[in-house]
Amino acid sequence: MSTSEKTLVLVKPDGVARGLVGEIIGRIERKGYTISQLRMLQADRALLEQHYAEHQGKPFFEPLVEFMLSGPIVALVVEGNRVIEGFRNIAGTTDPTVADPGTIRGDLARDAGTKVTQNLVHGSDSVESAAREIAIFFGGK
Ligand code: DAT
Ligand code: MG
């Protein structure tokens, strides 16, 4: 049985604004995963409300959408065995203050003092989320 998976990775507006796209993509490549699709875009509200549907109603939802609208993002489909778990490991935990050193968030992000946590990257959290999110950003291809 193959364990090859796809995940949706986003470099969020803080990552693009800080010039960390290459650093983040480089870490994914050096880990050995395959980048199979990539696009830079300015997201709109409808796309983000769909992408973050699970967080609707939470206090950070509106700040999260506003933050994700604040500048261009880079969307990638990344493939490999157990890549969903593997990318979330190299990304580190949600809160960059306590994310482990060696991770993207632990090495490159910190508390920005904003209503929403700014942590450079998104990675899908399950096979189902990945399929749903890839369809949102890449039209189901
Ligand atoms: P992750 O991106 O680690 O999967 P998540 O899906 O729970 O985290 O939340 C999506 C994003 O929302 C997260 O990357 C940063 C922000 N966020 C999550 N929890 C938050 C909180 N308690 N306060 C502020 N922002 C938060
Ligand atoms: Mg999440």
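Predicted model: local features only at pLDDT ≥ 70, side-chain atom pairs only at ≥ 80, totals over all residues.
Visitor: Where does ligand 1 sit?
Guide: Ligand 1 sits in the largest pocket.

Visitor: Which residues surround ligand 1?
Guide: The surrounding residues are K12, H55, F60, L64, R88, T94, R105, K115, V116, T117 and N119. By class, that shell has three nonpolar, four polar and four charged residues.

Visitor: How far is the side chain of T94 from an oxygen atom of ligand 1?
Guide: An N or O atom in the T94 side chain is 2.6 Å from a ligand 1 oxygen. For R88, a polar side-chain atom lies 3.0 Å from an oxygen atom of ligand 1. R105 also has a polar side-chain atom by a ligand 1 oxygen, at 3.2 Å.

Visitor: And what share of ligand 1 does the protein bury?
Guide: The protein buries 74% of the 510 Å² that ligand 1 exposes when taken alone.

Visitor: Back to the largest pocket. How many residues line it?
Guide: The lining has 21 residues, and K12, Y52, H55, T94 and R105 lie nearest the centre. The space in this pocket is about 400 Å³.

Visitor: Which element gives the most to that lining?
Guide: Strand 4 does, with three residues. Helix 7 (127-138) also supplies at least two.

Visitor: What about the volume of the second largest pocket?
Guide: The second largest pocket has a volume of about 160 Å³. Its lining residues include R88, T94 and R105. Helix 5 (83-91) and strand 4 each give two or more residues to that lining, and helix 5 gives the most, with four.

Visitor: How do its lining residues divide by class?
Guide: The lining of the second largest pocket has two nonpolar, seven polar and three charged residues.

Note on methods
Residues numbered from 1 in each chain as written. Chains lettered and ligands numbered in written order. Heavy atoms only, no water. Near = heavy atom within 4 Å. Polar contact = N/O pair within 3.5 Å; in protein donor to acceptor, adjacent residues only side chain to side chain. Areas by Shrake-Rupley, 256 points an atom, 1.4 Å probe, with all protein chains shown as cover. 1 Å grid on protein atoms, 1.4 Å probe; cavity = no way out; pocket = protein on both sides within 12 Å on 5 of 7 lines; lining within 4 Å. Sits in = over half its atoms within 2 Å of the grid points. Nonpolar A, V, L, I, M, F, W, Y, C, P; charged D, E, K, R; others polar. Points joined across faces, edges and corners; volume = space filled by probe spheres on them.
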